[in-house]
Amino acid sequence: MPGTVIVGAQWGDEGKGKIVDLLAERFDVVARYQGGNNAGHTVVHGDQQFVFHLLPSGILEPGKICVLGNGVVIDPQVLCGELDALEGRGRSVDGLRISGNAHLVMPWHRLLDAQSELRLGPLQIGTTKRGIGPAYQDKAARLGIRVQDVLDPGILREKIEAALAIKNEQLERIYGLEPLDGEAIFADLVRFAERMKPFIADTSLLVEDALREGRSVLFEGAQGTLLDLDNGTYPFVTSSNPTAGGACTGTGIGPTRISSVVGVAKAYLTRVGAGPFPSEADPERAARIREVGAEFGATTGRERRCGWLDLVGLRFAARLNGLTELVLTKLDVLSIFDTVPVCVAYRLRDGSVVQDFPAHQSDFHHAEPVFEELPGWGADLSGVTEWQNLPAAAREYVRWVEERLDLPVSMVGVGQRRDQILEPR
Ligand code: GDP
């Protein structure tokens, strides 16, 4: 498939990293289109483990072009750190291309992120405090500093001064902090600029040319559908558009260039932080899912809330992204249960039962889950290498999801390793 988007179909943490890594092998170009170093995946390559927060997954494949699109926000310090770490381990980073239109995460963004969360007290959104949200705010406010600005020291200095005139006032007057030193920030950036320069390119043109020449491009989204700024469960969302449309704006290509959209979902559901979660499991079973599925934040260590697959949410994801296929990960985790509940509809406050995601937050807040109980398979799946060898009940679970969503499931995860992926046929 020439232009394929891969997107999380739930609240993030779907196990996308492994799937992207697997798919990346089959594509000529991998392009990230949104988010920043608030994403993160661990990739096991041979006997080595790599953790990326910013670099696209395919970076480990020799000869692959890996794009950080204009929709990504880049913390130059984190980027240079990841580049140094990879090169330090003898890996080439030659395939990297960075959009000159991507915005930079600046030191004031990190500071303001932490301070504004503190201020919200109990109303905290639970941001990762890496400055991603404030960087996107400044992008919309037309105060941002872009990658291309580092190519011209005169412009860079001017932009830092202009931004700091406002930011320092905020830091001092609102938060009672020391002002930031513009010259020190400038000096650091000039250093990072040297490192980034060779990789800066017209990535919109690069992606378009690749597709025109018949090469394949994988567009990689971070976070997940329900965290989409416009269509997710606002205000508990991220500050960009992980949904498939974001692949177009975030890389500078037209929608007709996308030929397929792969959604990745866990065979159950997790959510981090506050907010409604209709299919949340009772505390005892939630704890078992958490333990077996290792549902703790990768960077924060925070416990994830755990529950059952929610077809209402997945139907919504299929609509928002125009999904053409679904990947179900972590089916093995459900092996511990005799029966597996799945949320098939919501009962709203007025007693109506709906299969479509509520358009209004207060309806979602009060939605009661309608469950169907499916038979469990009670067998360890970790050694299964062929779809046909899955227990019948496990295959039926997957087929049943396909039918209910009218969406083919193209891959099923049965363990952490790269080879623990089955293709239903
Ligand atoms: P991501 O950001 O969407 O990749 O999600 P996470 O960071 O939460 O990663 C998911 C975790 O689940 C990682 O530790 C993966 O190794 C693991 N994982 C991925 N697929 C499977 C699977 O099919 N079964 C099991 N048991 N673990 C998996």
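## Ligand shell

The residues of the shell around the ligand fall into 7 charged, 7 polar and 1 nonpolar. This shell belongs to a predicted model. It numbers 15 residues, of which Gly15, Lys16, Gly17, Lys330 and Asp332 come nearest to the ligand. Among the secondary-structure elements, helix α1, spanning residues 16–24, gives the most to the shell, with 3 residues.

The side chain of arginine 304 places an N or O atom 3.2 Å from an oxygen atom of the ligand. Glycine 413 takes part through its backbone, with an N or O atom 3.4 Å from a ligand oxygen. At glycine 415 a polar backbone atom lies 3.2 Å from a nitrogen atom of the ligand. Taken alone, the ligand exposes 590 Å², and the protein buries 81% of that area.

## Domains

Three domains divide the chain: domain 1 (3–99 + 200–261), domain 2 (104–196) and domain 3 (265–422). Where does the ligand lie relative to domain 1 and domain 3? Both of these domains give residues to the shell around the ligand, so the ligand lies between them. The C-alpha centres of domain 2 and domain 3 are 38 Å apart.

## Backbone features in loops

Lysine 330, one of the residues that come nearest to the ligand, sits in the loop between β14 (325–329) and β15 (339–347). Its phi is near 60°, a positive value in a residue other than glycine. With a relative accessible area of 24%, lysine 330 is partly exposed. Aspartate 406 also has a positive phi, of about 55°, although it is not a glycine. The loop that holds aspartate 406 runs between α12 (392–405) and β18 (409–413). Is aspartate 406 buried or exposed? Its relative accessibility is 68%, so it counts as exposed.

A cis peptide bond links tyrosine 234 to proline 235, with omega near 5°. Proline 235 is placed in the loop between β10 (217–220) and α8. Threonine 251 lies in the loop between α8 (245–249) and β11 (260–266). Threonine 251 is buried, because its relative accessible area is 2%. Not counting residues up to four places away in sequence, threonine 251 touches Ala31, Arg32, Tyr33, Asn70, Ser204, Phe219 and Gly246.

Helix α4 covers residues 132–140, and its buried residues are Ile132, Gly133, Pro134, Ala135, Tyr136 and Asp138. Just after α4 comes arginine 142, which takes a positive phi of about 60°.

In helix α7 (residues 203–212), the buried residues are Thr203, Leu206, Val207, Glu208, Ala210 and Leu211. An α-helix has 3.6 residues a turn, so residues three or four places apart point the same way. The cover over the buried residues of α7 includes strands β1 (3–8), β2 (29–32), β5 (65–68), β7 (96–99), β9 (200–201) and β10. Glycine 214 follows α7 and has a positive phi, near 85°.

## Isoleucine 65 and strand β5

Isoleucine 65 belongs to strand β5, one of the strands that cover the buried residues of α7. Is isoleucine 65 buried or exposed? Isoleucine 65 has 18% relative accessibility and so counts as buried, the cut-off for that class being under 20%. Leaving aside neighbours within four places in sequence, its contacts are Asp28, Val29, Val30, Gly95, Arg97 and Leu206. Leu206 is itself one of the buried residues of α7.

The C-alpha atom of isoleucine 65 is separated by 36 Å from that of glycine 273, which lies 208 residues away along the chain.

## Arginine 305 and strand β13

Arginine 305 is located in strand β13, made up of residues 305–308. Which backbone oxygen lies 2.8 Å from a polar atom of the side chain of arginine 305? That oxygen belongs to glycine 273. The side chain of arginine 305 also reaches the backbone oxygen of glycine 275, at 2.9 Å.

Leaving aside neighbours within four places in sequence, arginine 305 is in contact with Leu269, Thr270, Arg271, Gly273, Ala274, Gly275, Phe277, Glu280 and Arg290.

Conventions
Residues are numbered from 1 along each chain as its sequence is written. This is a predicted model: local features need pLDDT of at least 70, side-chain atom pairs count only at pLDDT 80 or more; totals for chains, interfaces and linings use all residues. Side-chain values use heavy atoms; hydrogens and water are left out. A residue is near a molecule or strand if one of its heavy atoms lies within 4 Å of it. A polar contact is a pair of N or O atoms within 3.5 Å; within protein, one must be able to donate a hydrogen and the other to accept it, and residues adjacent in sequence count only if both atoms are side-chain atoms. Accessible areas come from the Shrake-Rupley method with a 1.4 Å probe; for residues, only the protein chains shown count as cover. Helices (H or I, at least four residues) and strands (E, at least two) are DSSP runs, numbered from the N terminus. Ala, Val, Leu, Ile, Met, Phe, Trp, Tyr, Cys and Pro count as nonpolar, Asp, Glu, Lys and Arg as charged, and the others, Gly among them, as polar. Domain bounds come from an automatic or database domain assignment. Buried means under 20% relative accessible area, exposed over 50%, partly exposed in between (1.4 Å probe, protein chains only). Contact means heavy atoms within 4.5 Å.
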